[in-house]
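I opened my notebook and took one part of the structure at a time. My entries follow in the order I made them.

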Amino acid sequence: MQDVVLAQEGFRLTASLTVPKGTTAAVIGPSGAGKSTLVSAIAGFFPPVSGRILWEGIDIGGLPPGKRPLTVLFQDQNLFPHLTVAQNLGLGLSPRLKLTATDHDRIEAALARVGLLGLGARRPAELSGGQASRAALARALLRARPMLLLDEPFAALGPGLKAEMLDLVAEVAGETGATVLMVTHDPSDARRIAPLTLLVADGVAHPPVPTGALLDDPPPALAAYLGH
Ligand SMILES: Nc1ncnc2c1ncn2[C@@H]1O[C@H](COP(=O)(O)OP(=O)(O)OP(=O)(O)O)[C@@H](O)[C@H]1O
């Protein structure tokens with residue numbers, strides 16, 4: 001992000017930073033600091049006032065969300081309620097759901113990977129919150145875009161399940177070489193899978209720094225947020 005300025009009423013955030021390709025970076029900072037806004041801007045849902053957003057040196061700022069080289073996972077509203085779970089996953093492969101036999105096999109494999117084998121025929125309303133999160137993650141995995149943006153998609157899960165999902169993200173990101181940006185309120189999420197962390201506080205999205213060092217010796221804005 002080059003000299004990016006994001007603003008809405010009473011709120012302004014600047015970002016000049018680079019996330020190294022293929023790494024996982026956590027995004028942490030106080031509530032209302034602008035973490036979700038930052039992710040929305042990268043995903044193309046929130047236009048910056050100024051500045052450029054580049055992927056591999058190419059300005060993606062003019063592209064609509066669906067054309068950007070990324071998948072974004074939010075806490076809610078990831079699944080279409082009128083489609084089955086399998087069809088929702090299918091959207092990760094073909095936006096018009098023109099699916100081949102191979103596609104169906106891949107969908108089954110993705111469901112198995114997130115522990116949802118046999119639930120493909122259900123509608124999202126017939127899943128628990130945790131199962132819905134896993135289905136959304138499975139679709140993101142099938143989409144296999146170079147960048148994965150996570151805006152607390154696992155916040156509603158219990159600690160064990162959340163850890164499992166994080167590990168799955170790390171595993172798949174490792175396999176595919178994806179660059180991951182993960183908004184979280186839980187420093188242990190960052191320690192678990194993100195070598196780098198990007199602090200959003202006081203109107204600035206700071207460049208990513210090594211997670212352990214940042215959390216062990218936090219600057220004042222982060223220390224206050226962490227309750228140190
Ligand atoms: N639709 C909106 N209209 C006006 N202001 C908004 C809107 N959405 C968010 N804001 C404001 O923008 C700022 C950044 O919000 P954002 O959701 O990005 O913060 P956040 O760091 O993700 O917070 P949290 O950790 O609580 O989710 C906040 O001051 C918020 O009040």
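**Entry 1: helix α4**

I began with what covers the buried residues of α4, and the list includes β7 (70-74), α2 (85-90), α3 (101-113), β8 (147-151) and α5. I reminded myself that this is a predicted model.

How many of the 15 residues of α4 are buried? I found eleven, so α4 is largely enclosed by the rest of the structure. Among the buried ones I noted A132, S133, R134, L137 and L141.

I then checked the span. α4 reaches 21 Å from its first C-alpha to its last, close to the 21 Å expected at 1.5 Å a residue. A144 follows α4, and its phi is positive, near 45 degrees.

**Entry 2: helix α5**

Next I turned to α5, residues 159-176. I counted 18 residues in this helix. From first C-alpha to last, α5 reaches 26 Å, close to the 26 Å expected at 1.5 Å a residue.

Which residues of α5 are buried? I wrote down K162, M165, L166 and V169. Seen down the axis of α5, these buried residues fall within an arc of 100 degrees, so they line one face of the helix. On the other side of α5 I found G160, D167 and E175 exposed.

I asked what the buried residues of α5 pack against. They pack against α4 (129-143), β9 (179-183) and α6 (187-193). After α5 comes G177, with a positive phi near 75 degrees.

**Entry 3: two domains**

I looked up the division of the protein. Domain 1 is 2-69 + 145-226, and domain 2 is 80-144. Their centres, taken over C-alpha atoms, are 25 Å apart.

I looked at the contacts next. Eleven residues of domain 1 are in contact with eleven residues of domain 2. On the domain 1 side that touches domain 2, α5 gives the most, with five residues. I sorted the residues of that side into nine nonpolar, one polar and one charged.

**Entry 4: L150**

Is L150 buried or exposed? I counted 26 other C-beta atoms within 10 Å, and 20 or more is enough, so L150 is buried.

Leaving aside neighbours within four places in sequence, L150 is in contact with L73, V180, M182 and V183. I looked again at L73. L150 and L73 are 77 residues apart in sequence, yet 4.9 Å apart in space, C-alpha to C-alpha.

**Entry 5: the ligand**

Which residues are around the ligand? I listed Q8, E9, F11, G29, S31, G32, A33, G34, K35, S36 and T37. Helix α1 (residues 35-43) gives the most to this shell, with three residues. The shell divides into two nonpolar, seven polar and two charged residues.

**Entry 6: positive phi**

I ended with backbone angles. Most residues other than glycine have a negative phi. I looked up two residues with positive values.

L97 is in the loop between α2 and α3. Its phi is near 60 degrees, a positive value in a residue other than glycine. L97 has 13 C-beta neighbours inside 10 Å, so I marked L97 as partly exposed.

D202 lies in the loop between β10 (196-201) and β11 (204-205). Phi of D202 is positive too, near 50 degrees. With 13 other C-beta atoms within 10 Å, D202 is partly exposed.

How values were computed:
Residues are numbered from 1 along each chain as its sequence is written. This is a predicted model: local features need pLDDT of at least 70, side-chain atom pairs count only at pLDDT 80 or more; totals for chains, interfaces and linings use all residues. A residue is near a molecule or strand if its C-beta atom, placed from the backbone, lies within 6 Å of it. Helices (H or I, at least four residues) and strands (E, at least two) are DSSP runs, numbered from the N terminus. Ala, Val, Leu, Ile, Met, Phe, Trp, Tyr, Cys and Pro count as nonpolar, Asp, Glu, Lys and Arg as charged, and the others, Gly among them, as polar. The expected span of a helix is 1.5 Å times one less than its number of residues. A residue is buried if 20 or more other C-beta atoms lie within 10 Å of its own, exposed if 12 or fewer, and partly exposed in between; C-beta atoms are placed from the backbone. The arc is that of the directions from the helix axis to the C-beta atoms. Two residues are in contact if their C-beta atoms, placed from the backbone, lie within 7 Å. Domain bounds come from an automatic or database domain assignment.
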